[in-house]
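Here's a quick tour of one model, going from the overall layout down to a single side chain. Have the viewer open as you read.

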Amino acid sequence: MISKYLDKKIKNCKNLNIKFLDIKLNKTEGFKMSGRTVYLLAALAGGAILPVQVALNTLLRRYIGEPMQVTFVSYLAGTLASLAICFAARYPFPASASLAQTSWWMWIGGCLGTSYVWSTIFTTPKIGAALALALTIAGQMIAALFLDHYGAIGLARYPASPIRIAGVVLVILGVSFVAYAKR
C-alpha cells in the first residue's frame, strides 16, 4: 500500500527531497538516503519510544509502589536486555586497562538516566505524559544547545546560531501550549 502510494507520487513529481531526513525520491534515481539518514532515523525512533517507556513505567508504578522502585526494576530489565544483546552479538567485555583509563565522572551517565526515569515516573501521574515529556524535551534542548555550543564533555562544537536558538525557543513555545492546554 505504501509502495503504491510512493510509486504514484514518484510518477507525479519530478523530485521529492525530504531535507529533514536527507532522503531523496525521484523518477530517475529512485529512493536514496544519505549515510546521515540512518542516524537521524535512529534518533527519531529513540525519541518515539520514550513516551511508551514513560507510560509503561507509570503503569508499573501502580503495582510496585514508589518511583525509585520502578526505576530500579526498569534499569534491571534494561541491564538484562543489554547483557543478552551483548552475548548474542558476541561483544567482548571491555578490557580492564581501557576501563582504568576512564575518569570517575564518566560513569555517572547511568545515574543521570536514573534521575530521568525517576522524574518521569514521579511527574507523569500528576501532570500527564504529554506535559512531562514536553518539559523533558525542552530541558534536553536547552542543555544540548549549551553542550553543543561549548563542545562540553568531549562533544563536537556546534555554535548556538540564531537559527538553532530559534528552534529551542519554538520547542519552549510548544511546551507552553501543552502546559496551557493541560489547565
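## Overall layout

Let's start with the contact pattern: among contacts in the protein chain between residues at least 6 apart in sequence, 43% join residues at least 24 apart. Keep in mind that this is a predicted model.

The chain has 183 residues, and 16% of them count as buried. Reading from the N terminus, the order goes α-β-β-β-α-α-α-α-α-α.

## Where H2 meets H5

Two packed helices are described by the angle between their axes and the distance between the axes. For helix H2 (residues 35-64) and helix H5 (residues 109-127), the axes come within 9 Å and cross at roughly 70°. Angles of 65 to 115 degrees count as roughly perpendicular, so that's the label H2 and H5 get. The crossing of these two helices is right-handed.

On the H2 side, the residues involved are Leu50, Gln53, Val54, Asn57, Thr58 and Arg61. They meet Tyr116, Val117, Thr120, Ile121, Phe122, Thr124 and Pro125 of H5. Sorted by class, the H2 and H5 contact has seven nonpolar, five polar and one charged residues.

## A look at Thr124

Thr124 sits in helix H5. Its relative accessibility is 9%, so Thr124 counts as buried, the cut-off being under 20%.

What does the side chain of Thr124 reach at 2.6 Å? That would be the backbone oxygen of Thr120. Setting aside neighbours within four places in sequence, Thr124 also touches Val54, Thr58, Ala129 and Ala132. Val54 and Thr58 are both among the H2 residues that meet H5.

Note on methods
Residues are numbered from 1 along each chain as its sequence is written. This is a predicted model: local features need pLDDT of at least 70, side-chain atom pairs count only at pLDDT 80 or more; totals for chains, interfaces and linings use all residues. Side-chain values use heavy atoms; hydrogens and water are left out. Axes are lines fitted to C-alpha atoms, for helices over the stretch in contact, and angles run from 0 to 180 degrees between N-to-C directions. Helices (H or I, at least four residues) and strands (E, at least two) are DSSP runs, numbered from the N terminus. Angles under 35 degrees count as roughly parallel, over 145 as roughly antiparallel, 65 to 115 as roughly perpendicular and the rest as oblique. A crossing is left-handed if the near helix is turned anticlockwise from the far one by less than a right angle, and right-handed if clockwise. Contact means heavy atoms within 4.5 Å. Ala, Val, Leu, Ile, Met, Phe, Trp, Tyr, Cys and Pro count as nonpolar, Asp, Glu, Lys and Arg as charged, and the others, Gly among them, as polar. Buried means under 20% relative accessible area, exposed over 50%, partly exposed in between (1.4 Å probe, protein chains only). A polar contact is a pair of N or O atoms within 3.5 Å; within protein, one must be able to donate a hydrogen and the other to accept it, and residues adjacent in sequence count only if both atoms are side-chain atoms.
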